[in-house]
Amino acid sequence: MMEDNAPSVAVRDVSLNFGAVEVLRRLNLDVGRGEFLVLLGPSGCGKSTLLNCIAGLLDVSAGQIFINERNVTWDEPKDRGIGMVFQSYALYPQMTVEGNLSFGLKNARLPKAEIDKRIARAAEILQIEPLLKRKPSALSGGQRQRVAIGRALVRDVDVFLFDEPLSNLDAKLRSELRVEIKRLHQKLENTMIYVTHDQIEAMTLADRIAVMRGGIIQQLDTPQAIYLRPVNRFVAGFIGSPGMNFIEGETRLGAEPAFDAGDVTIPLDRYEFVDGHGGGRAVFGIRPEHVVLDDAASALPFHQDIVVEIVEPMGSDTLVWGKLAGQDFSFRVDTERALEEGERVRIGFDPGRASLFDVEHGERL
C-alpha cells in the first residue's frame, strides 16, 4: 500500500555508462504522484537516456528505480506500469487507428468488452473518434501523434513517459498539441514525465522542470523559480527566449555594493546574494524583458543611454540590440515603439531582478 506522500517515480543513485563514457552520474530524482515533470536540456545531456532507464528500455549501470514504491530496476518495460509516447509515431501502417490502439491490449489478452471500453474512452479524450476506421497514411502528423498518445492511454497506467513527442511537428501543430497534452494531464491527473529540448514546451507544461547537462540535474524547480533564480549561468542561458544578457565585470561589497564593468556601475543594494560571496570577478545577467525605456527607465535604480545597433521585429514585440559596457546587450520593446539604428535611447532595469554568477564555475552569487 502506497504512502500518501510517496513519490510516484523514484530514481536512486542511477548511473549509466556506455563503455568508458559516463552518460548519467549518480542521479537522484523524485516525481510526485500526479506531477507533470519535464526533463529539459540540450542534445546529449542524458534526458532521453534517463527516460529510457525509467521505462526499462536501457539497463542502468548502478542504482535503482522505483515506480509506485515497487523496485522495477530489472523489470521488463511491459511490467513497469507505464505508457510511453515516442518522438516517432511508430504506428502500424497496415492497421486502422482502432487496430493500432487495440493491438497491445489484444496481446495482453484483455476481454473484448474491456478493449472496446478503453478505446472509446481514449478516443473521446483525444477527440479522435472520427478517425478510428482510418489508416495512418490518411492522417495528418498531429492526428498520428494523437493516436500514438492514445496507444499509451489505453494501457490504463499511472505513469506516462513522453520522449520529445512534438519535435516532428511544425510550429503551429506543436502549439496546438502542447495545449492538448496540458488538458490531458488536467483531466487524467496521472504522473507524466516529458522529455524536450524546447524550453517553451517545458515552461508551459511543467509543474517542475529538471534542467540537465552532462548527465547531471543542474536545477530542479518550478518554471517560475528557474526563470527568476537560475542556480548557474548554464541554466540562466538555457532558459529564456531571447537569452539572458551577460556582462562581465567585478562586484564591490560593503555599505554600497555595486557591479562595475568599464564605465558602467550598477548598484546592487537590491540584489539578494547567496551566502559566502566575497566580491571580485563576476558575470551580471539581466533578461531582455526586464529592461524598460524612457521615463520608466529614469525612475529605476539603474539607467543609461545606449545607441541602437540592430532592430529585430518579432511580431508581438521587437528585440533591440546595442552595447552596454562595451558588450552586446538586448532588450524588448512593444511592437508599436519604432526605433531606428543609430538612435540613442535610455534603458533601465531593477538590479533586484538580475542574476550574478561566478566567472570560473558559473554558480549563482
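Modeller: Arginine 281, for instance, has 45% relative accessibility and counts as partly exposed. Before we go on, this is a predicted model, where local features need pLDDT of at least 70 and side-chain atom pairs count only at pLDDT 80 or more, while totals for chains, interfaces and linings use all residues. Residues are numbered from 1 along each chain as its sequence is written, and side-chain values use heavy atoms, with hydrogens and water left out.

Colleague: How many salt bridges does the structure hold?

Modeller: A salt bridge is a side-chain nitrogen of Lys or Arg within 4 Å of a carboxyl oxygen of Asp or Glu. The structure holds 20 of them. One of them joins arginine 281 to glutamate 248, at 3.6 Å from N to O.

Colleague: Which strands do arginine 281 and glutamate 248 lie in?

Modeller: Helices (H or I, at least four residues) and strands (E, at least two) are DSSP runs, numbered from the N terminus. Arginine 281 lies in strand 14 (residues 280-286) and glutamate 248 in strand 11 (residues 245-252), so the pair ties together parts that are 33 residues apart in sequence. Glutamate 248, at 38% relative accessibility, is partly exposed.

Colleague: Is aspartate 317 buried or exposed?

Modeller: Aspartate 317 counts as buried, at 12% relative accessibility. Its salt-bridge partner is arginine 332, with 2.8 Å from N to O. Aspartate 317 is in strand 18 (residues 317-324) and arginine 332 in strand 19 (residues 327-334), so this pair links parts that are 15 residues apart in sequence. Salt bridges that share partners also join Glu289, Asp317 and Arg332 into one network. As for arginine 332, it is partly exposed at 24%.

Colleague: How do I read a sheet?

Modeller: Strands of a sheet pair through backbone hydrogen bonds, either parallel or antiparallel. The working rule is that two strands pair if DSSP finds at least two bridges between them. Here, an open sheet of 5 strands runs in the order 13-12-11-14-21, with antiparallel pairing. Its edge strands are strand 13 (264-267) and strand 21 (355-358), each pairing on one side only.

Colleague: Over how many bridges do strand 14 and strand 21 pair?

Modeller: They pair over 4 bridges, in the antiparallel sense. If you'd like a spot to look at, find valine 283, whose bridge partner in strand 21 is phenylalanine 357.

Colleague: What about cavities?

Modeller: On a 1 Å grid over the protein atoms alone, a cavity is a set of points where a 1.4 Å probe fits but cannot get out, and lining residues have an atom within 4 Å of a point. Grid points are joined across faces, edges and corners, and a volume is the space filled by probe spheres set on the points. The structure holds 1 cavity of 30 Å³ or more, and the largest cavity has a volume of about 30 Å³.

Colleague: Which residues line the largest cavity?

Modeller: Its lining is made by Leu126, Arg146, Ile149, Leu177, Glu180, Ile181 and Leu184. Helix 4 (141-153) and helix 5 (171-188) are the elements that give two or more residues to that lining. Helix 5 supplies the largest share, 4 residues.

Key:
Buried < 20%, exposed > 50% of the residue type's maximum accessible area, 1.4 Å probe, protein only. 1 Å grid on protein atoms, 1.4 Å probe; cavity = no way out; pocket = protein on both sides within 12 Å on 5 of 7 lines; lining within 4 Å.
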